[in-house]
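Have a look around, then read on.

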Amino acid sequence: MTDRTPVRTGLLTVDGATLHHEVRGEGPLLVMMPGGSADAGIYDAIAADLADRWTVATFDPRGYSRSPLDGPVTDQSPATHADDIVRLIDLLSPDGAPAALFGSSSSAVVALAALARHPGRLSRVVAHEPPVVALLPDPDTGRALFAAVREAFRRDGVAAAMATMAAGLAPEEGEAAPGPEQAASGPEQAAPGQERAAPGQERAAAAEEAPAPQQTPTPEQAATFRRMHANLPVFLEHVLCPFSGYVPDLVALKAAATQLVVGVGRDSRALLPAVAAEGLARRADAGVAEFPGGHIGLTEDPRAFAARLREVLLAT
């Protein structure tokens with residue numbers, strides 16, 4: 001498939017919001033949830049590659065980009081976002097067939113909530129590096145980090161919050177934090193008009209996931225960059241702490257363990273989100289799948305990431 005795969009767009013009214021969604025391909029339904037400040041555009045290349053086998057649905061989470069809230073933005077709940085997913089599945093799979101679900105970073109937290117709350121609507125769930133601090137060896141340190149990031153945003157803005165994230169996302173096990181050349185597969189491309197964030201961990205944490213580097217961004221890519229950058233204040237103020245502070249229902253996840261695959265990045269296993277993911281897999285008796293790249297591997301090499309996701313979804 002190519003990036004020219006036809007895209008069908010729509011709007012779905014949910015409780016308190018309207019969700020912009022995009023659909024490609026034919027076959028069993030696969031819903032791909034964007035993490036951090038990203039929206040549906042983050043999956044353009046991956047969705048095109050997978051649309052030969054699945055009906056791939058992507059969307060802008062409530063309060064982001066083209067999915068406005070009915071009222072003022074408030075702290076977001078993984079459970080509410082999980083219920084949004086089920087509404088989208090009900091719309092796109094009206095015969096009741098279960099859907100596959102992929103989430104990365106903060107949206108992997110939503111994936112866990114969705115599986116715990118609605119296991120019958122899901123066939124396979126791939127949760128890539130959910131940064132759930134409750135599953136860390138030292139949860140209090142993780143909570144303090146994300147609270148400090150939010151406080152830095154409130155006091156000094158986005159750039160300060162990103163710098164705080166970078167400083168705090170040190171590897172576990174006392175290893176040295178990877179430098180920019182190790183943390184990213186290549187130089188990252190800032191959105192037009194965007195502050196240049198330092199590469200590496202703060203990108204991973206905030207998941208301001210830009211497409212893989214190009215010589216020159218297309219107008220569509222530039223628009224995606226601008227949308228995702230505009231979402232950062234909502235992410236830092238209303239998503240980061242509630243989602244990282246989510247406590248998974250391990251009893252429910254254990255009961256659905258055959259449906260759950262925990263993803264970890266090949267290059268990020270020592271960082272906080274991957275450590276939390278490994279803890280989740282152990283405590284929920286779930287399988288672990290290694291993916292190319294690091295925490296934002298899906299943007300570092302979308303085609304390789306799509307190929308690995310295909311293998312994981314088709315594994316029996």
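Where is the place of D285? D285 is found in the loop between α10 (272-284) and β8 (287-291).

## Before we start

This is a predicted model, in which local features need pLDDT of at least 70 and side-chain atom pairs count only at pLDDT 80 or more, while totals for chains, interfaces and linings use all residues. Residues are numbered from 1 along each chain as its sequence is written, and side-chain values use heavy atoms, leaving out hydrogens and water.

## The whole chain

The chain has twelve helices and eight strands. Both kinds of element are DSSP runs, numbered from the N terminus: helices are H or I with at least four residues, and strands are E with at least two.

Of the 316 residues in the chain, 58% are buried. Buried means under 20% relative accessible area, exposed means over 50%, and partly exposed is in between, using a 1.4 Å probe and protein chains only. As for contacts (heavy atoms within 4.5 Å), take those in the chain with a separation of 6 or more: residues 24 or more positions apart account for 74% of them.

## Helix α5 against helix α8

Two packed helices are described by the angle between their axes and the distance between the axes. Helix α5 (residues 158-168) and helix α8 (residues 219-244) pack at about 55°, with their axes 10 Å apart. The axes are lines fitted to C-alpha atoms, for helices over the stretch in contact, and angles run from 0 to 180 degrees between N-to-C directions. That makes α5 and α8 oblique to each other. Angles under 35 degrees count as roughly parallel, over 145 as roughly antiparallel, 65 to 115 as roughly perpendicular, and the rest as oblique.

The α5 side of the contact is V158, A161 and M165, and the α8 side is L232, P233, L236 and L240. By class, that contact has seven nonpolar residues, with no polar and no charged ones. Here Ala, Val, Leu, Ile, Met, Phe, Trp, Tyr, Cys and Pro count as nonpolar, Asp, Glu, Lys and Arg as charged, and the others, Gly among them, as polar. The buried residues of α5 are V158, A161, M162 and M165. They sit on the same side of α5 because they cover an arc of only 100° around the axis, the arc being that of the directions from the helix axis to the C-beta atoms.

## Helix α4 against helix α8

Helix α4 (residues 139-156) also packs with α8, at an angle of about 165° and with the axes 9 Å apart. So α4 and α8 are roughly antiparallel to each other.

On α4, the contact is made by F146, A147, V149, R150, F153 and R154, and on α8 by P233, L236, E237, L240, C241 and S244. Those residues divide into eight nonpolar, one polar and three charged.

At 54% relative accessibility, D285 counts as exposed.

E129 has a positive phi too, near 50°, and is a residue other than glycine. E129 lies in the loop between β6 (122-128) and α4, and is buried, with a relative accessible area of 1%.

## A link across the sequence

S123 is in strand β6 and counts as partly exposed, at 36% relative accessibility. Which residues does S123 touch, not counting those up to four places away in sequence? They are P98, A99, A100 and Q259. S123 and Q259 are 136 residues apart along the chain, yet their C-alpha atoms are separated by 6.2 Å.
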